[in-house]
Amino acid sequence: FSLAGLIEELGPNCVASHQDCMDMLEMVPALAPRHVAECLALFTSPSPFGSNKDANAYNSLRASLQLGDSKPPAAFPTNSSPTFVAAVKEKFPKLNWTEVLQALDNPNIRIERFASIAAAYKKATPDHNLPCEAFLGRWKNSRIQSQALKFMLESPDLVDFPVSKEVQATQGRGHVHQHVNNALRTLPENLSATATVCPGFGCLDFVESIVYCASRDHELEKILAVAMKDAPALIFAGL
């Protein structure tokens, strides 16, 4: 079963409003993290429904379920993700959103803009930053992993970075963060690439993930090369 496939087939009417999303979720017997991940990926497309604005299929489905016709909006939202996420939170409050992020590790999933995924996670968990640990390791979908890592490098303030377990056990998180901050202060003033001063480089697992993806992504390869040349102290600060 593919919820994203169903939404794509029925068109934007089925996610045009909070009530439409709630009604759609009523049709789902059980919602797994992969279902939500696939929907969020669908919504990252500039035109997730193409030219499909026909409400007949959706209204026919609603009629079969005795829900009545859906009132079409005056204008379809440019991004259905926030409305969908709010409905999922209400309908399935125990859903683990970190597992939703991890479910993006599917070779069949493609996303246009990772920032949309980060925004959806923030909408679902407003008290938490994006968890870096959800994207570490060797993903099967290295394309999405690379997109995630580049987002973290460019927007480190929006991310919760881990500390290597070995270092945390022996020295403590506060010590490592101080060590990383000290390394940051040694960087050349003309180092313009924000990515190379990302505190994530203080985590061995993060560095290993960057190296893994850099072999497949030229932009990450260049970022890593600059960081190793101009900020080696930062890369090894948490090791």
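**Aromatic pairs and helix packing**

Ring pairs join Phe114, Phe135, Trp139 and Phe151 into a cluster. Rings of Phe, Tyr and Trp (its six-membered ring) pair if their centres lie within 6.5 Å; planes under 30 degrees apart count as stacked, over 60 as edge-to-face and the rest as tilted. The model is predicted: local features need pLDDT of at least 70, side-chain atom pairs count only at pLDDT 80 or more, and totals for chains, interfaces and linings use all residues. Residues are numbered from 1 along each chain as its sequence is written, and side-chain values use heavy atoms, with hydrogens and water left out.

The count comes to five aromatic pairs. The ring centres of Phe161 and Phe206 lie 5.6 Å apart with planes at 90 degrees, so this pair is edge-to-face. Phe161 sits in the loop between strand 2 (159-160) and helix 9 (165-171), and Phe206 in helix 11 (residues 204-214), 45 residues apart. Helices (H or I, at least four residues) and strands (E, at least two) are DSSP runs, numbered from the N terminus. Phe206 is buried at 0%.

Helix 2 (residues 18-26) and helix 5 (residues 81-91) pack at about 50 degrees, with axes 9 Å apart. Axes are lines fitted to C-alpha atoms, for helices over the stretch in contact, and angles run from 0 to 180 degrees between N-to-C directions. Helix 2 is therefore oblique to helix 5; angles under 35 degrees count as roughly parallel, over 145 as roughly antiparallel, 65 to 115 as roughly perpendicular and the rest as oblique.

Methods: Buried < 20%, exposed > 50% of the residue type's maximum accessible area, 1.4 Å probe, protein only.
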